Amino acid sequence: MSPRLLFLLTALIFSWLFAFNSGRELAYNLAYLLTGILALSYGWAWNSTRFVQINRYTRARRSQVGQYFEETFEIRNRGRLPKLWLELRDYSTVPFHDVSRVVNNLQGKNSQRWQVRTLCQQRGHFRLGSMSLHSGDPLGLFSVGQNLALTSDLIVYPATVELNTFQPPVADLAGGYALSRRSQSLTTNVSGIREYAPGDSFNRIHWLSTARTGRLMTKEFELDPSADIWIFLDLFHGVEQTLPWQPARPDLGVFSLSRLRSGGKRYDVLELPPSTTEYSITIAASAARYFLLRNRAVGMMWNDGARQVLQTDRGQRQVRKILESMAVSNATGRMPFDELLLTDGVRLNRNDIVIAISPDPRPDWARALRELRRRGVNSIAVVMDPSTFGGRWPVDPLMHELELSAIPTYPVKRGDSIEHALSRTAGWEFRRW
């Protein structure tokens, strides 16, 4: 109860007591006036949130770090009486998604619209809503509110960078032999022709054979003989290193693209939070996108408390699967990276290439990659230097073990441009670590 309402209620009680005891007309008029003010204010406040419709239009419930998420809001007064003021409060969990605002002087049968654009700074799963609507009377005596409990979800994908100069030595590795395995997706290898079956797409129809036989004939495809890419991501909770960090408002953006000058050339640099997990996930998503855009089959394995596997596939659908999985994954795994490589690496064959991404400074996982190499599975290592993220253990033993194993290696430090870090010549740059 507001102090103003408490004062008027006290005055109302004393005015009626004074009127009954004195019997004066002036006392009764004062009591009637205070009663009318309170009744009118209560009625105004009660009606202020009635006949109000709120519409929330979300353009897309998928976004990505570094992109804008947009929503449009509409408040419509379906009644005839004007609304003096309406306050909309939003309880979304999206950082800096400033939806809450006050709408003034909303006339009857009218509406107001506004748009909210928010720069996504953190990957993850966020809630949109709920909301509440608040208003009151002109004197500020009564306050009323309504809760709008409907919610929806927003998934923010991790950031990806363009790896235009990323040329890992997979092109020099054996791509594998022609695989006599049927493929449900379109490849460059046609294995034969069969009769049309319900569900076959029209772009698989072989029209020359159809014209010759008088029946619909469909092409069959084999797997591409190029090597499959398997990305192994280390999300073991015991090796994560992170420094204190708080997201800033977009205009100060930690994630904003800043212009740096180097030798007269300008670069767009994406500044990530100082966390080995964020760097690892961004590298994994960027590498997967790089190979998928070049029509390579890509799969992923990681452990974030449970064993996670994305089987190899091609195309934009696989890009979405990987980004959605990486959006909600965190360093909560219970399995060290060397155990993950040895356990799941036994399923790989000579037609697979492993890209191992880890901030673990121990050389154990380098020995695991060497075991895979003995079985004919080639590998590439991407190493985050944990000492630049606040870690205490040196990375030199790991780098020495990778060098002895002849495993191409890309080192990444905190503050490095991922695009530039992955454009170095693998297997040589780390010797000057």
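The following dialogue goes through how terms are applied to this predicted model.

Trainee: What kind of model is this, and how are residues numbered?

Mentor: This is a predicted model, in which local features need pLDDT of at least 70, side-chain atom pairs count only at pLDDT 80 or more, and totals for chains, interfaces and linings use all residues. Residues are numbered from 1 along each chain as its sequence is written, and side-chain values use heavy atoms, with hydrogens and water left out.

Trainee: How many helices and strands are there in the chain?

Mentor: The chain has 9 helices and 21 strands. Helices (H or I, at least four residues) and strands (E, at least two) are DSSP runs, numbered from the N terminus.

Trainee: Why is proline 95 called partly exposed?

Mentor: Buried means under 20% relative accessible area, exposed over 50%, and partly exposed in between (1.4 Å probe, protein chains only). Proline 95 has a relative accessible area of 21%, so it is partly exposed. It lies in the loop between β4 (83-90) and β5 (101-106). In the whole chain, buried residues make up 46% of the 433 residues.

Trainee: What does proline 95 touch?

Mentor: Contact means heavy atoms within 4.5 Å. Leaving out residues up to four places away in sequence, proline 95 touches Thr118, Gln122 and Phe126. The C-alpha atoms of proline 95 and phenylalanine 126 are separated by 9.1 Å, and these residues are 31 apart along the chain.

Trainee: What makes β7 and β10 a pair?

Mentor: Two strands pair if DSSP finds at least two bridges between them. β7 and β10 (residues 152-157) have 5 bridges, in the antiparallel sense. Histidine 125 stands opposite isoleucine 155 in β10.

Trainee: Which strands form the open sheet with mixed pairing?

Mentor: That sheet has 3 strands in the order β2-β10-β7. Its edge strands are β2 (62-64) and β7, each pairing on one side only. Helix α5 packs on the sheet and touches β2, β7 and β10; the direction of α5 makes about 105° with that of β10.

Trainee: Why is α4 called roughly antiparallel to α5?

Mentor: Axes are lines fitted to C-alpha atoms, for helices over the stretch in contact, and angles run from 0 to 180 degrees between N-to-C directions. Angles under 35 degrees count as roughly parallel, over 145 as roughly antiparallel, 65 to 115 as roughly perpendicular and the rest as oblique. Helices α4 and α5 (residues 316-327) pack at about 175°, their axes 10 Å apart. That makes α4 roughly antiparallel to α5. Ile281, Ala285, Ala288 and Leu292 in α4 meet Gln318, Val319, Ile322, Leu323 and Met326 in α5.

Trainee: What makes a set of residues a nonpolar core?

Mentor: The members are buried Ala, Val, Leu, Ile, Met, Phe, Trp, Tyr and Cys residues joined through side-chain atoms within 4.5 Å. The largest such core has 42 residues, and Ile231, Leu233, Met300 and Ile357 have the most contacts inside it. Helix α4 (residues 276-292) gives the most to this core, with 10 residues. Another core, of 22 residues, lies apart from it and includes Phe232, Met301, Leu348 and Ile407.

Trainee: How do you know that the buried residues of α8 line one face of the helix?

Mentor: In α8 (residues 396-404) the buried residues are Leu398, Met399, Glu401 and Leu402. Seen down the axis, they fall within an arc of 160°, so they line one face of the helix. The arc is that of the directions from the helix axis to the C-beta atoms. Their cover includes α7 (364-374), β20 (378-384) and β21 (409-412).
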